[in-house]
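Try each task before you read its solution.

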Amino acid sequence: MAKHKTPLIDQLETGPWPSFISDIKQEAASRAKNEKGLDYQVPQDICEDLLGVLELSYKDGRTHWKHGGIVGVFGYGGGVIGRYCDQPQMFPGVAHFHTIRVNQPSGKYYTTKFLNDLMDIWELRGSGMTNMHGATGDIVLLGTTTPQLEEIFWELTHNMNTDLGGSGGNLRTPSCCLGTSRCEYACYDTQELCHFMTNHYQDELHRPAFPYKFKFKFDGCPNCCVASIARSDLSFIGTWRNDIRIDQKAVKAYVGGEVPSNAGAHSGRDWGPFDIQKEVVGLCPTGCMRYEGGKLEINNRECTRCMHCINTMPRALRVGTDKGLSIFCGAKAPILDGAQIATLLVPFVKVEEPYDELHELIGNVWDYWMEEGKNRERVGELIKRQGLQKMLDKCNLKPIPQHVLEPRANPYIFWREDEVPGGWKRDIVEFRKHHQR
Amino acid sequence: MAISIDEQAAKDIIVEALKGKKGKTKFYLKDYYKMLPDEKLMDVKRLVNQMVREEILEYWSSGSTTLIGLKGLGKQHATEEDE
């Protein structure tokens, strides 16, 4: 018998999709039974009370959570987000309901043992409820009390060899796509770079350094599976410098219908025979392809790495061999001032240990932002406020045409007086020799 | 890299500056930069974080931003739970 009557949220179970209400009820029932005979360290009815407070919120049309506070583990300024219920008498089980962010493994590869061990800790010391994964990529453990925080932290770091993620004015948990581990499009080893950066900048992850949040994300190719270009302050996207590799025989196989396009992804219904002109050449955003006489040609200088042709005919077309990454800066979600997509900073850099060029750029961006950024101002907003040119100056980067094309943050790069021969002054006599009044 | 003046002197400057503030008890990291204007920002950040480990200061986090104040001042656990 449920502790609270929940007619409103019960409706969320009636749809055809999986329901988180059913999941919470399942965990509530499991905790009530306690088949493993655990000595629960947080209230046994925490899931019941969570359903209760959610029902009340649906009834009232307002939240009953307060967030923020002096919760955390010793020496860390992030990783734990304090949450308190503002109706603790009614719902004592969720009076304290802190969230813990745990650094996910690169590419989100788990062993069953890791997941079992994680749940052994979390069923004992927390609500048993998780969010796999939060928007930033972390493993999110939902709902525990203050005394359990240090215990959980000790077990995660000592027994499971993992660490808390980022929150607050910190570097947030870096995240990456699965990269070269499974994907032939990947232009660099995203997991390696993500793991390296997570360790290298660990202090910035755990000890507040910035005016606001700062995110790194690593995408192996321009398909951008972790959407770094839209969701990270500094986005590392794999790319290549030379020509797309074409296997003309395989192109013919696609045209002849021997190989299904899009690697068979659209096999749900019959879309008719594959039409290379309509589905590939005609959709190229820069019009840099042609298919004539059974031969596919690409004007690679005009290619913007949109990936469409490669995605459609993966067996025939492959990314180039001279691989590296592009660095973009300043994306953010629409909390203030609307969403922004990242703007290009560095068109190409080789990915080679010890990543000196990347460290230098990261250091310059941070120095600039720490100095000029206002409190709670993202780096993308700073660029918008002061102009991309200032960012380029601070990063010791020369303006290039790509800096003023879409996606644009600032359409103009101005010459400075010291960059122009003779400065702004001109010899009027010399000028009049060529130009009448 | 370290702070250019004596570390203890720098800590004293921060503590004095915080004690002198009226009303607010918790501040952005950026406010600490202004207390030691001649130092590198990363060095001030390291010092402030060290003072947290020494339990002179403490963090307050909303989840999205972090504030730092003198330990024990202002809103504490008890009031946040039961206010």
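Predicted model: local features only at pLDDT ≥ 70, side-chain atom pairs only at ≥ 80, totals over all residues.

**Exercise 1. Work out how helix α12(A) and helix α13(A) are oriented to each other, and which residues meet.**

Start by locating the helices: α12 covers residues 356–372 of chain A, and α13 covers residues 379–386 of chain A. Next, take the geometry: the packing angle is about 75 degrees, and the axes are 11 Å apart. Angles from 65 to 115 degrees count as roughly perpendicular, so that is the label for α12(A) and α13(A). Then list the contact: V365(A), W369(A) and E372(A) come from α12(A), and they meet V379(A), L382(A) and Q386(A) of α13(A). Finally, sort these residues by class, which gives 4 nonpolar, 1 polar and 1 charged.

**Exercise 2. Find which residues touch the most other members of the largest nonpolar core, and where the core gets its residues.**

First, the core itself: it has 58 residues, and I327(A), F328(A), C329(A) and V365(A) touch the most other members. Second, ask about elements: α12(A) gives the largest share, 6 residues. Third, ask about domains: domain 2 (175–240 + 324–418) and domain 3 (245–318) of chain A each put in at least three residues. Now zoom in on I327(A): leaving out residues up to four places away in sequence, I327(A) touches L234(A), F236(A), L345(A), V346(A), V349(A) and L361(A). There is also a second, separate core, with 54 residues, and V80(A), L118(A), M129(A) and Y32(B) are among them.

**Exercise 3. Describe the side of chain B that touches chain A.**

Count first: 21 residues of chain B contact 26 residues of chain A. Then assign elements: α2 (29–35), α3 (41–53), β2 (57–61) and α4 (77–82) of chain B each supply at least two residues. The largest share is from α3(B), with 5 residues. Last, the classes: this side of chain B has 6 nonpolar, 9 polar and 6 charged residues.

How values were computed: Residues numbered from 1 in each chain as written. Chains lettered and ligands numbered in written order. Axes fitted to C-alpha atoms, helices over the stretch in contact; angles between N-to-C directions. Helix = DSSP H or I, 4+ residues; strand = E, 2+ residues; numbered from the N terminus. Parallel < 35°, antiparallel > 145°, perpendicular 65-115°, else oblique. Contact = placed C-beta atoms within 7 Å. Nonpolar A, V, L, I, M, F, W, Y, C, P; charged D, E, K, R; others polar. Core = buried A, V, L, I, M, F, W, Y, C linked by C-beta atoms within 7 Å. Buried ≥ 20, exposed ≤ 12 C-beta atoms within 10 Å, placed from the backbone. Domains from an automatic or database assignment.
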